[in-house]
Each structure stands twice: as structure tokens, then as C-alpha cells.
Amino acid sequence: MPTMTTDTDRAAGEARATTRSQRLRSAVTKEGFAANLGQRFALVGAWIVVIAIFGALRPSTFLTTSNFASIFGTQAPQLVLTLGLLIPLTTGDYDLSVAGVLSLSAMLLGVLNAEHHMPVLLVILICLGMGALVGAINGAFVIGFEIDPFIVTLGTGTLLSGIVLWISHSNTISGISDSLSNAVVVDRFLGIPLEFFYALALCLLVWYFFELTVLGRRLLFVGRSKSVARLSGLRVNRLRWGALIASGLISAFAGVLYAGTLGAADPTSGQSFLLPAFAGAFLGATAIQPGRFNPWGAFVAVYFLVTGITGLSFLGVESFIQDIFYGCALVIAVALSHVGHLKRLRLPFSRRTTGDVGA
């Protein structure tokens, strides 16, 4: 009988210990889920707070449908350029030529359509082909000569800016076909210019590419570790080359939207897109899918930043604050991404996310 009592007590104690362990594990899991959820949507929450603050300060001008329609519409080229930048960034390569491609694409529309009266659809195809060609040239130097993409694309972007000034004689060219402006800005859906929905569709397409296609997952794997990807049999150089071509193609499309937004081609303003594109890409990597360059995070980041800029302009802040705002956002975003990457390095390999920033 004493033995039976002892065995029974031991079994009861083990059961209680198991129950306590299960409760503790459940609490830790819930806490981790809440923290992860908070990290994913912190930027969305910050965006809502920014809207609320500026809405309270300037309700008659900021909280209007025309203001938000303008924000969503006019920033579509910026979002498209950021999405193009995401693809080489995912593989670990920088493309500093995206703003030059945007400028040249818009200027080709001005020169070929407005001055030489070529059909706008044909010129758009030429612009897209130009973007793909620039990406292919970048890839040839980066892959073929094993040159740092930062150096190659910086040189290419500067070259393209020079070509834009050359073919435009440093003048703004107006008179681009009304059919482009109508399809981009004038025609609206739900009161918002159609260019926003083009950018939204591209965002969905990039998400689908990375999440649901074999090629997209391979790009993520290359970004995680090029050496491991090679050992796994992936053609890393071809994937990186293709990412640069895609970046050039999408950047050219951003130039088409920009020309349609202005109804003209400006030879100098395209370079102003570069810093916001990097700020949006890196800040977006802290949201929705933290630690990865992802399209929905970029979407939130781009519109969060422009909402802040717009709100400050309504408060009468001088225009130089825009560069300060974007510069600070880029530095903070890179720092947060790096901290997040260091945290993930401490996790077991099976719990890390493929395509981490800074990998």
C-alpha cells in the first residue's frame, strides 16, 4: 500500500508539472504571436497615427478626399520605382540606376511622342525595352566582370542622367499625348487616378511572384545566402542578372507613369525619386513581413512617408524638410532592419525567414 500511494503521488506530480509546462508554453506562444503581430503592423499603426495627428491639426485641408486622392495618385510612380528596386535588393544587389531609367523613359516619351509624333503605345514599348536593356547591361558588368553592383549602377545612372540632358537640351518637353494622361491621371476609379491601381496591381503581381512561384522563391534563397544557393544547384548569376533586368523594366514603367502624371518630361526631377525609393524599400522591410524586402511593406512605407511630407507641407514647413525626412527614414529603417537581422541570427535555422535583409 505505501508503494501504491507513492506511485500515485508521483504520477499526480508529473501530471501537474506537465500541465504547468503546457500552460507556460502556451503563454510564451501567445506572447510571441502578439509581439510578431505588433512588429508586422507597427508601421500601419504609425501611418494611422500620422493621419490622425495631421487631420486634427488641419482637418479642413488634410482630411479631404481630394487630398488623399492626390496622395495615392501622384505617388504611384514612386511606389512602382520602389517595387522595381525590391527585386535586386532581394538577391543582395543594389541598383542605383533606377532613377536614371525613370528619367530616360519619361524623356523618350517626350522626345519621340511629343516632338517626333510617334504613336504613344509604340513609344511605351520602346521605353520598356530600354529599361530591360539597361538592366541587361548592368547585369553584364556585375556578373561578367564581377564588379560591385553599387559601382556599376551608380555609373550607369549617372550616364543615363547625362543622356537625358543631351537629348532634351536640358529643357522640359511638354505635349505628350493626352491619351497617356487620360489613362494615368484623368480617368479615375473610386475618385482615385488609375495610376494608383496600376501600381497596386504591380504590387500584387510582385507579391505573387515572390510567394507563389518557384523563380521568386529562388530569388529569396539567393538573397539569404549566395554560397548556399550555389551549393544547392541554383544558377545564382543568372538569377541576379534577371533581377537587374526586371528592375530596369519596372523602372521604365515608373517613368511612363511619371510622364503621364506630368503630361511632360522633366530632365532633372527624376533623380529626386532615388532616396525615397531606398527609404521606402528599407522601411517596408520592417513591416508586414519583417526582415524581408516585401511589396506590401513597401506599399505602406511609401505612403506613410508621403503622408508625413504632405502633412508637414500643410503646416507650412519649408520644402527642405523633405530631404531631411527621407534621409532620417532611410537611416532609421536600415538600423531597424539590421537589428532585426541580428535577432533572427540567434534563432534556430528552421525559424528564420528566407530572404532576410542584410543576409
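Hi everyone, let's start on the outside. Tyr94, Leu133, Ile137, Phe141, Phe145, Ile147, Phe150, Ile151 and Leu154 make up a nonpolar patch on the surface, and together they have about 850 Å² of accessible area. Two elements each give two or more residues to this nonpolar patch: helix 5, residues 120-144, and helix 6, residues 149-168. Please keep in mind that what you see above is a predicted model.

Where does Ile147 sit? You'll find Ile147 in the loop between helix 5 and helix 6. Its relative accessibility is 34%, so Ile147 counts as partly exposed.

Glu146 belongs to that loop as well, between helix 5 and helix 6. Have a look at its backbone: Glu146 has a positive phi of about 55 degrees, although it is not a glycine. Is Glu146 buried or exposed? Glu146 is exposed, because its relative accessible area is 72% and the cut-off for exposed is over 50%.

There is another positive phi to find, at His117. Phi of His117 is near 60 degrees, and His117 is a residue other than glycine. This one is in the loop between helix 4 and helix 5. With a relative accessible area of 65%, His117 is exposed.

Now let's turn to how two helices pack. Find helix 4, residues 98-115, and follow it past helix 6: their axes come within 8 Å and cross at roughly 20 degrees. How do we describe an angle like that? Angles under 35 degrees count as roughly parallel, and helix 4 and helix 6 are therefore roughly parallel to each other. The crossing in which helix 4 passes helix 6 is left-handed.

Next, the charged pairs. Side chains of opposite charge can pair when their charged atoms come close. How many salt bridges does the structure hold? There are three salt bridges in the structure.

Let's begin with Asp93 and Arg240. Their side chains meet in a salt bridge, at 2.9 Å from N to O. Asp93 lies in the loop between helix 3 and helix 4, while Arg240 is in helix 11, residues 236-262, so this pair ties together parts that are 147 residues apart in sequence. Are these two partners buried or exposed? Asp93 is buried, with a relative accessible area of 2%. Arg240 counts as buried too, at 11% relative accessibility, because buried means under 20%.

Now look at Glu211. Glu211 forms a salt bridge with Arg217, and the closest N and O atoms are 3.5 Å apart. Glu211 is partly exposed, with a relative accessible area of 22%. Arg217 counts as partly exposed as well, at 34% relative accessibility.

Glu211 has another partner. The side chains of Arg292 and Glu211 meet in a salt bridge, at 2.6 Å from N to O. This pair links distant parts of the chain: Arg292 is in the loop between helix 12 (274-284) and helix 13 (295-314), Glu211 is in helix 8 (residues 194-212), and they are 81 residues apart. At 5% relative accessibility, Arg292 counts as buried. Because these salt bridges share partners, Glu211, Arg217 and Arg292 are joined into one network.

Start with Arg40, which lies in helix 1, residues 2-57. How far apart are Arg40 and Pro290 in sequence, and how far in space? In sequence they are 250 residues apart, but in space they are 6.1 Å apart, C-alpha to C-alpha. Arg40 counts as partly exposed, at 29% relative accessibility.

My other example is Leu85 with Asp95. Leu85 has its place in helix 3, residues 76-90. Leu85 and Asp95 are 10 residues apart in sequence, and their C-alpha atoms are 6.6 Å apart in space. Leu85 is buried, with a relative accessible area of 0%.

We saw helix 4 and helix 6 lying roughly parallel.

Methods
Residues numbered from 1 in each chain as written. Predicted model: local features only at pLDDT ≥ 70, side-chain atom pairs only at ≥ 80, totals over all residues. Heavy atoms only, no water. Patch = residues over 30% accessible without salt bridge, like charges linked within 9 Å, V, L, I, M, F, W, Y side chains within 5 Å. Areas by Shrake-Rupley, 256 points an atom, 1.4 Å probe, with all protein chains shown as cover. Salt bridge = Lys/Arg side-chain N within 4 Å of Asp/Glu carboxyl O. Helix = DSSP H or I, 4+ residues; strand = E, 2+ residues; numbered from the N terminus. Buried < 20%, exposed > 50% of the residue type's maximum accessible area, 1.4 Å probe, protein only. Axes fitted to C-alpha atoms, helices over the stretch in contact; angles between N-to-C directions. Parallel < 35°, antiparallel > 145°, perpendicular 65-115°, else oblique. Left-handed = near helix turned anticlockwise from the far one by under 90°.
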